[in-house]
Amino acid sequence: MQQLPKGSKKLLNAWAFYDWANSVYNLTISSAVFPIFWGALTIIRDDEGRIISDTVRFLGYDINNDSLISYVTAFAFLIVSIISPFLSGIADYVGNKKNFLKFFCYLGALSCIGLYWFSLENLFISLLCYLLALIGFWGSIVFYNSYLPDIAYPEQQDAISAKGYSLGYIGSVILLIVNLIMILKYDWFGFESEGAPTRLSFLMVGVWWIGFSQYTYYYLPKGNKKETLSRDILFNGFKELKLIWNALQHNLRLKRYLVAFFVYSMAVQTIMLIATYFGIEELDWGDQDATTGLIISILLIQLVAVLGAFLTSRASAKYGNIKTLIFINFIWIGICIYAYTITVPLQFYATAAVVGLVMGGIQSLSRSTYSKFLPENAVDTASYFSFYDVSEKIGIVIGMFSYGLIAQVTGSVRYSILFLILFFVIGLLLLFRVNTKKTVS
């Protein structure tokens, strides 16, 4: 097929459609169905619903189930943090980036399909599938994002990026609703219990991801540059990160802001990743169906996050970015304190609504504030944002490991939630130190 010209509507839509293909991983595996499945598999309850055991035997050790999944998630993000600079260098300089995009897509999707056979008897292989799915998702995102300047002109990039996000949200919600119906009404589909349709949802994520991505692959070019992969290219991403680190030493305001973001982001990202696990283990669902309640909570967070991003944008325009971020961090501290006390679903729904408001707000405002603090006329903005992304992922590693360790030591994830307050408090103190004499609006 003849390559479509840069800026072509069909090419832009094909690129954005990859969000429709891969976002089902983020919602079904990271946030919704898999955490519920993991809880059902690893928690033993008595007839009254009280937890008898929540430990898992892994590599000869008894480990708290939440701690184990936190450690595996942290390890996966550590790998992503290490390989991302390599992948960024490859994406910038090698002409066959589509093959790399396909590789990580298929790695992630096939690993999701592998979760269909997840079992405690083969826990090492099962968790390896979970780990590789995460690496596949984030690895493919590096190459997906790197295509944007290749296929769209600057004036088109904001709109098509937003379209991709919208398509991803719609597609992932559609599949999640289908999965939810299959799980709750399993008898309609001839299943004897909700276990089989739950596993089938993992398989559907992989098939959806591979299947719909083919439309993207059909139209995307291989890549604009045609350089042979060499040692210099392979390590170019690390060289760029080092250059940005050196540049930060001469930009005190940006450096202070980035350190503050790094600290409070540890807690934000950790809460987003463990919210469902917390709901499974710590709430008394009574006669309510926990699966329905938790997925409703997740959908609520997704919907309210859009409103939160809008309200935060309005607040930052009136009060300034740093003041707004300080206020949002105070709200996060309040959420952690309240989350320590919740025991029933209604409290969890209320907390989820507030989390959605501040989650969408803090993510969008953190990134836009960073963008506004960049040096004027900076030509290497992609390198600056690569540094930002790597910082965020290393923060996830520290946050998830800390959460898992506290849960393992204390035997309760509630103490882990309280511990996350420390990150928000330090982040707040660091935000107060950011030089705001130059207006940021």
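**First stop: helix α2**

Select helix α2 and display its side chains: Val 33, Phe 34, Pro 35, Ile 36, Phe 37, Trp 38, Gly 39 and Thr 42 are buried. Here, buried means under 20% relative accessible area, exposed means over 50%, and partly exposed lies in between, with a 1.4 Å probe and protein chains only. The helix spans residues 33–42 and is mostly covered, with eight of its 10 residues buried. Helices (H or I, at least four residues) and strands (E, at least two) are DSSP runs, numbered from the N terminus.

Two remarks on the model apply throughout. Residues are numbered from 1 along each chain as its sequence is written, and side-chain values use heavy atoms, with hydrogens and water left out. The model is predicted: local features need pLDDT of at least 70, side-chain atom pairs count only at pLDDT 80 or more, and totals for chains, interfaces and linings use all residues.

**Second stop: the second largest pocket**

Helix α2 provides the largest share, six residues. The space in this pocket is about 710 Å³.

A pocket is found on a 1 Å grid over the protein atoms alone, as an open set of points where a 1.4 Å probe fits, with protein on both sides within 12 Å along at least five of seven lines; lining residues have an atom within 4 Å of a point. Grid points are joined across faces, edges and corners, and the volume is the space filled by probe spheres set on the points.

How many salt bridges does a search of the whole structure find? The search finds two. A salt bridge is a side-chain nitrogen of Lys or Arg within 4 Å of a carboxyl oxygen of Asp or Glu.

Select Arg 414 and Glu 282, whose side chains meet in a salt bridge at 2.8 Å, N to O. This pair links distant parts of the chain, with Arg 414 in helix α16 (residues 413–432) and Glu 282 in helix α11, 132 residues apart. Both residues are buried; Arg 414 has a relative accessibility of 12%. A polar atom of the Arg 414 side chain also lies 2.6 Å from the backbone oxygen of Tyr 340. Beyond its neighbours within four places in sequence, Arg 414 is in contact (heavy atoms within 4.5 Å) with residues including Phe 278, Ala 339 and Thr 343.

Next, select Asp 62 and Arg 57, which form a salt bridge with their closest N and O atoms 3.3 Å apart. Asp 62 is partly exposed, at 48% relative accessibility, and Arg 57 is exposed, with a relative accessible area of 54%.

Move to Leu 59, in the loop between β3 (55–58) and β4 (61–64). Leu 59 has a positive phi of about 55 degrees although it is not a glycine. Most residues other than glycine have a negative phi. Leu 59 counts as exposed because its relative accessibility is 60%.

Select Lys 393 in helix α15 (residues 381–410). Lys 393 is buried yet has no salt bridge, and the nearest side chain of opposite charge, Glu 392, is 5.1 Å away. Leaving aside neighbours within four places in sequence, Lys 393 is in contact with Phe 77, Val 80, Ser 81, Ser 84 and Trp 138.

Continue to Thr 369 in helix α14 (residues 345–373). Is Thr 369 buried or exposed? Thr 369 counts as buried because its relative accessibility is 0%. Its side chain reaches the backbone oxygen of Leu 365 at 2.6 Å. Not counting residues up to four places away in sequence, Thr 369 touches Tyr 257, Asn 321, Ile 322 and Leu 325.

Finish at Val 173 in helix α7 (residues 154–184). Val 173 is buried at 14% relative accessibility, and, apart from its neighbours within four places in sequence, Val 173 is in contact with Leu 27 and Leu 299.

How values were computed: A polar contact is a pair of N or O atoms within 3.5 Å; within protein, one must be able to donate a hydrogen and the other to accept it, and residues adjacent in sequence count only if both atoms are side-chain atoms. Lys and Arg count as positive and Asp and Glu as negative; His and the chain ends are not counted.
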